[in-house]
Amino acid sequence: MAKFTDTITIQVRAGKGGQGAVSFYREKYIPKGGPDGGDGGRGGDVYLEASNSFYNLSHLFRDRVYHAESGRQGMGANKHGRDGKDYTVKVPPGTEVRDPEDDSQICDLTQDGQRFLIAKGGMGGRGNAFFKTSTHQAPRFAQPGMPGEERRIVLNLKLIADVGLVGLPNAGKSTLLARITNAKPKIADYPFTTLIPNLGVVQRADSTSYRIADIPGIIEGAHRGLGLGLSFLQHIERVRVMLFLLDVTGEDLAYSLKLLRDELATYNGELTGRPCAVLLTKTDLVDEDELRKIIDQFPGETIVPLSAHSGHNIDLLMRTIDALLE
Ligand SMILES: Nc1nc2c(ncn2[C@@H]2O[C@H](COP(=O)(O)OP(=O)(O)OP(=O)(O)O)[C@@H](O)[C@H]2O)c(=O)[nH]1
Ligand SMILES: [Mg+2]
């Protein structure tokens, strides 16, 4: 299982500028040539770039320094030092960057290919040729390169999905995700099978698509850290549509729905105002009469009874999601 990393602190350091050269033109029989020390190269910059090739931050190492190359020294014969190469730290779209000092947001990388200059390289130092004036023909000094910018940053991943699946452990969230998207999450008959959020893409016939996030199951007291806690809820903070999954074989489903909503509200009151539907899962395990009684417990809700196993009402679900997304 791929390691999932939500938050990581790293350091970035841009390249130092190269030292300017002190050099004098020398040739046989010309004892006193003028200054010809070239400038140092510019230090490389460090960029952050969002890339769809990454789903998490596990390719990065905590507290490691990611650095760009320094500029090279200037040389004689007015040769400038080479500029340092830039360095790009790639992150998944949905990575928010914060300053650990005051927790302010530095940038939010949401789109594939979006880049941000996070540390600027130092200027190269001027070589002594630069300092030659009419009164000062032979300067014996050159400038040092300037240091590159250096900072600590916090990368905070919030998966970008349009639809979030929320439910108690074992409700059938991952099974549904596997049924309707390209994702291959782990599915098993025990709670807390899903330990890390899964993301799947639904391809519509008209070749448009949307993304669904399946997060670990939520239990009562999650906001106090019970179960896997609510930390994973940050991944559905930005979804537009919320789907609450209730296993029809479970006890007191109306209470379960209230519990899910209460836990979400404790995390972020705004979440419960989003368009949502209640999915009654595993309908293949109950008969029609039982199902009728269960549905009647949810007046006023948008209900989709379905079975990811038999495929019952999966088409209705897809239409319901489309309507909610609109
Ligand atoms: N009969 C039946 N079983 C189902 C259906 N959907 C899921 N299950 C079973 O329910 C169990 C739990 O499914 P998961 O998809 O892992 O549930 P989950 O909500 O992702 O669980 P956690 O990740 O632990 O929160 C598995 O044994 C599934 O095979 C269904 O439509 N019908
Ligand atoms: Mg799961």
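Trainee: Which residues come nearest to ligand 1?
Mentor: This is a predicted model. In it, 24 residues stand around ligand 1. Those that come nearest are G172, S174, D189, T194 and G217.

Trainee: Which helix gives the most to the shell around ligand 1?
Mentor: Look at residues 173–180. They form a helix that gives 3 residues to the shell. That helix is α1.

Trainee: Where is the chain divided into domain 1 and domain 2?
Mentor: Take the domain assignment. Domain 1 covers 1–157. Domain 2 covers 163–325.

Trainee: What distance separates the centres of domain 1 and domain 2?
Mentor: The centres are taken over C-alpha atoms. The separation is 47 Å.

Trainee: In what order do the 3 strands of the open sheet stand?
Mentor: Strands β4 (87–91) and β7 (115–119) each pair on one side only. The pairing in the sheet is mixed. The order is β4-β2-β7.

Trainee: What is the average twist from one strand to the next in that sheet?
Mentor: The sheet is the open one, β4-β2-β7. Its twist averages 30°.

Trainee: Do β2 and β4 run parallel or antiparallel?
Mentor: Count the bridges between β2 and β4: there are 5. Across this pair, E49 stands opposite K90 in β4. The two strands run parallel.

Trainee: Which residue in β7 is the bridge partner of V46?
Mentor: Strand β2 takes in residues 46–50. It pairs with β7 over 4 bridges, in the antiparallel sense. The partner of V46 is A119.

Trainee: Which residues make up the covered face of β4?
Mentor: Rule out the uncovered face, T88 and K90. The covered face is Y87, V89 and V91.

Trainee: Which residue in β6 is the bridge partner of T95?
Mentor: Strand β5 spans residues 95–98, and strand β6 spans residues 105–109. They run antiparallel, joined by 4 bridges. The partner of T95 is L109.

Trainee: Which residue in the turn between β5 and β6 has a positive phi?
Mentor: Strands β5 and β6 form a hairpin. There are 6 residues between them. One in the turn has a phi of about 65°. That residue is D103.

How values were computed: Residues are numbered from 1 along each chain as its sequence is written. Chains are lettered from A and ligands numbered from 1 in the order in which they are written. This is a predicted model: local features need pLDDT of at least 70, side-chain atom pairs count only at pLDDT 80 or more; totals for chains, interfaces and linings use all residues. A residue is near a molecule or strand if its C-beta atom, placed from the backbone, lies within 6 Å of it. Two strands pair if DSSP finds at least two bridges between them. Axes are lines fitted to C-alpha atoms, for helices over the stretch in contact, and angles run from 0 to 180 degrees between N-to-C directions. A residue is buried if 20 or more other C-beta atoms lie within 10 Å of its own, exposed if 12 or fewer, and partly exposed in between; C-beta atoms are placed from the backbone.
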